[in-house]
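Welcome! Take a moment to look over the sequence and the model below, and then we can walk through them together.

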Amino acid sequence: MPDAKKSVGRDRRRVAAEQPYELSYFKRKHQLTEEQARKIIKEAGNSREKANALAEKVKKA
């Protein structure tokens, strides 16, 4: 039986905050703490575009 993820495909426009590898990548990419990353993703929903924009604002502040 094939893995369901492979048959559905990935949507790179979305952030899956409940997945440890996604959270780890996001916080490393933007040099954030885990708490900051979770807060940003929660605020942005699962939109990667919005989350990236919010992370840039945090980095500049």
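**A walk through the helices**

Helices here are DSSP runs of H or I with at least four residues, while strands are runs of E with at least two, and both are numbered from the N terminus. What you see is a predicted model, in which local features need pLDDT of at least 70 and side-chain atom pairs count only at pLDDT 80 or more, whereas totals for chains, interfaces and linings use all residues. Residues are numbered from 1 along each chain as its sequence is written, and side-chain values use heavy atoms, with hydrogens and water left out.

Which side chain makes a polar contact with the side chain of Asn52? The partner is His30, at 2.8 Å. A polar contact is a pair of N or O atoms within 3.5 Å; within protein, one must be able to donate a hydrogen and the other to accept it, and residues adjacent in sequence count only if both atoms are side-chain atoms. Leaving aside neighbours within four places in sequence, Asn52 is in contact with Phe26, Lys29 and His30, where contact means heavy atoms within 4.5 Å.

Is His30 buried or exposed? His30 counts as buried because its relative accessibility is 2%. Buried means under 20% relative accessible area, exposed means over 50%, and partly exposed is in between, using a 1.4 Å probe and protein chains only. Not counting residues up to four places away in sequence, His30 touches Asn52, Ala55, Glu56 and Lys59.

Lys29 also lies in helix α2. With a relative accessibility of 40%, Lys29 counts as partly exposed. Beyond its neighbours within four places in sequence, Lys29 is in contact with Asn52 and Lys59. The C-alpha atoms of Lys29 and Ala55 are 9.5 Å apart, although 26 residues separate the two along the chain.

These residues lead us to the way the helices pack. Two packed helices are described by the angle between their axes and the distance between the axes. Helix α2 and helix α4 (residues 48–60) pack at an angle of about 40°, and their axes are 10 Å apart. Axes are lines fitted to C-alpha atoms, for helices over the stretch in contact, and angles run from 0 to 180 degrees between N-to-C directions. The angle makes α2 and α4 oblique to each other. Angles under 35 degrees count as roughly parallel, over 145 as roughly antiparallel, 65 to 115 as roughly perpendicular and the rest as oblique. The contact is made by Glu22, Tyr25, Phe26, Lys29 and His30 of α2, together with Arg48, Ala51, Asn52, Ala55, Glu56 and Lys59 of α4. By class, these residues divide into four nonpolar, two polar and five charged. Ala, Val, Leu, Ile, Met, Phe, Trp, Tyr, Cys and Pro count as nonpolar, Asp, Glu, Lys and Arg as charged, and the others, Gly among them, as polar.

Next, follow helix α2 (residues 20–30) to helix α3 (residues 34–44): these two pack at an angle of about 105°, with axes 9 Å apart. They are therefore roughly perpendicular to each other. Leu23, Phe26 and Lys27 of α2 meet Glu34, Ala37, Arg38, Ile40 and Ile41 of α3 in this contact. The classes here are five nonpolar, no polar and three charged residues.

Helix α3 also packs against α4, at an angle of about 135° and with the axes 9 Å apart. So α3 and α4 are oblique to each other. Their contact is made by Gln36, Ile40, Glu43 and Ala44 of α3 and Lys50, Ala51, Leu54, Ala55 and Val58 of α4. It has six nonpolar, one polar and two charged residues.

One more stop is Val15, in the loop between α1 (4–8) and α2. At 5% relative accessibility, Val15 counts as buried. Apart from neighbours within four places in sequence, Val15 is in contact with Glu22, Ile41, Asn46, Ser47, Arg48 and Ala51.

Finally, step back to the whole chain, which has four helices and zero strands. Buried residues make up 23% of its 61 residues. Among contacts with a separation of 6 or more, 42% are between residues 24 or more positions apart.
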